[in-house]
Amino acid sequence: MPNDMKPSAAPLVPCLEHYPEPGGVAHCVPLANFPFRIGRCTTADFIIYSRQVSKEHAEIDRAKNEFLIRDLGSTNGTFVNGQRVSQSVLLEGDIVHVAHKEFRFTCQAVEAEHDSDNQLTDTGASHVPFSVIHDGEHLRELLIQHSVSIVFQPIFHLESGEVLGYEALGRGAHEELSSNPCDLFRLAEHCKLAPELSRLFRLVAMEEAALLPEPGLVFFNVHPAEMAKDSLINSLNDIPRPFEARGRMILEIHEDFVADMATMRRLRNHLKELGIGLAYDDFGAGQARLRELTEAPPDFIKLDMSLIRGINIAKPRQELIQAISRISGDLGVRLIAEGLEAREEADACCRLGCAFGQGYLLGRPMPVSQFAPAKKNEASQLTG
């Protein structure tokens with residue numbers, strides 16, 4: 001079985017989970033034999049009584065350690081994570097559509113039950129969150145309809161109080177889904193749609209960034225799933241004309257991905273050609289990657305708030321930030337302290353070599369309509 005299936009006291013059985021009743025509990029259909037056929041005819045292993053489903057619609061088979069789903073020439077198609085397929089490997093958490101009927105593929109410890117005709121029937125309630133299956137379709141609607149909103153958080157120079165730029169932060173705007181981006185990305189990862197959600201947030205943010213006060217850099221987050229192949233680079237061809245990217249756009253790459261030096265060097269070269277800057281985000285959240293920093297230096301390092309909170313009284317972290325500051329200074333990399341909430345933290349960051357800061361102390365995320373031309377003294381009064 002796939003390596004990511006969780007151990008259990010009972011044998012793990014591949015299953016299809018679904019919701020027979022909207023708003024009800026999830027039911028589990030164990031795949032007791034292979035090939036496991038799904039369709040409208042009475043000889044199917046799992047019968048779906050709907051004219052949208054073909055008599056022999058799809059089958060799931062097992063090949064060594066993999067599970068495969070095949071479309072059997074159906075009229076309305078078989079889909080895996082929103083993509084129509086003729087055959088596809090199934091992985092834990094994949095969302096499967098047989099025509100309009102939605103399932104989630106998983107492996108669970110279940111007991112199969114049979115009816116009087118020896119047909120496999122649903123058994124047992126699932127512990128899978130309701131949103132994983134039901135909200136997958138809403139997430140696809142969100143992507144198609146661009147049902148998202150953007151807020152921008154300002155980044156200030158800690159000594160002068162001048163605005164360096166703004167970080168674009170996405171929010172959901174679909175009435176059936178959470179607005180929290182963490183919740184949305186968790187769902188998107190289950191549905192294999194995280195790159196699409198990340199690109200949508202960035203595209204909408206670029207459109208709205210044209211209305212921000214100038215001058216000012218604009219920082220855009222990148223989900224790690226976008227780093228596969230040339231997905232990120234290709235997406236940068238979609239920059240809206242109202243937003244002048246050259247010299248103003250900064251992409252934030254999470255620290256965890258920085259260890260892949262070959263990819264980072266290649267990305268850095270592409271971004272330079274496009275006139276786009278690079279920032280290492282959440283630096284220090286895991287381990288401070290000082291070696292990688294010297295091999296592929298970005299334009300900015302955003303120090304994670306776990307380093308910054310209470311930095312004024314945390315001697316070991318002060319020494320670490322000083323070390324990062326010395327190396328960054330030699331490489332021409334500028335430091336941004338994230339999550340500033342107290343003036344004492346901002347003062348300490350200034351002394352330790354962080355030229356810039358971001359956090360509730362300096363400014364909360366707001367829609368672009370709420371930004372007025374930057375005023376120098378508003379932020380400068382917050383730092384000593």
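Two residues are said to be in contact when heavy atoms of theirs lie within 4.5 Å of each other. The model shown here is a predicted one, and the account below should be read with that in mind.

R140 sits in helix α1, which covers residues 130-145, and, leaving aside residues up to four places away in sequence, R140 touches N81, G82, I95, H97, E102, C191 and L193. The relative accessibility of R140 is 11%, and because buried means under 20% relative accessible area, R140 counts as buried. One of the residues that R140 touches is C191, and C191 is likewise classed as buried, its relative accessibility being 0%.

From the helix we turn to the strands. An open sheet is formed by five strands, which follow one another in the order β4-β3-β5-β6-β9 with mixed pairing.

Strand β16 (residues 163-172) pairs with β17 in the parallel sense over three bridges, and here the bridge partner of E167 is F219 in β17. Strand β18 (residues 249-254) also pairs with β17 in the parallel sense, in this case over four bridges, with M249 of β18 as the bridge partner of V218. How far is β17 enclosed by the rest of the structure? Four of the five residues of β17 are buried, so the strand is largely enclosed.

The cysteines remain to be considered. How many disulfides does the model contain? If a disulfide is taken to be a pair of cysteine sulfur atoms within 2.5 Å, the count comes to zero. C15 illustrates how the cut-off works, because the nearest cysteine sulfur, that of C28, is 3.1 Å away, whereas a disulfide requires the sulfur atoms to be within 2.5 Å, and C15 is therefore in no disulfide. C15 is also buried, with a relative accessible area of 0%.

Methods:
Residues are numbered from 1 along each chain as its sequence is written. This is a predicted model: local features need pLDDT of at least 70, side-chain atom pairs count only at pLDDT 80 or more; totals for chains, interfaces and linings use all residues. Side-chain values use heavy atoms; hydrogens and water are left out. Two strands pair if DSSP finds at least two bridges between them. Helices (H or I, at least four residues) and strands (E, at least two) are DSSP runs, numbered from the N terminus. Buried means under 20% relative accessible area, exposed over 50%, partly exposed in between (1.4 Å probe, protein chains only).
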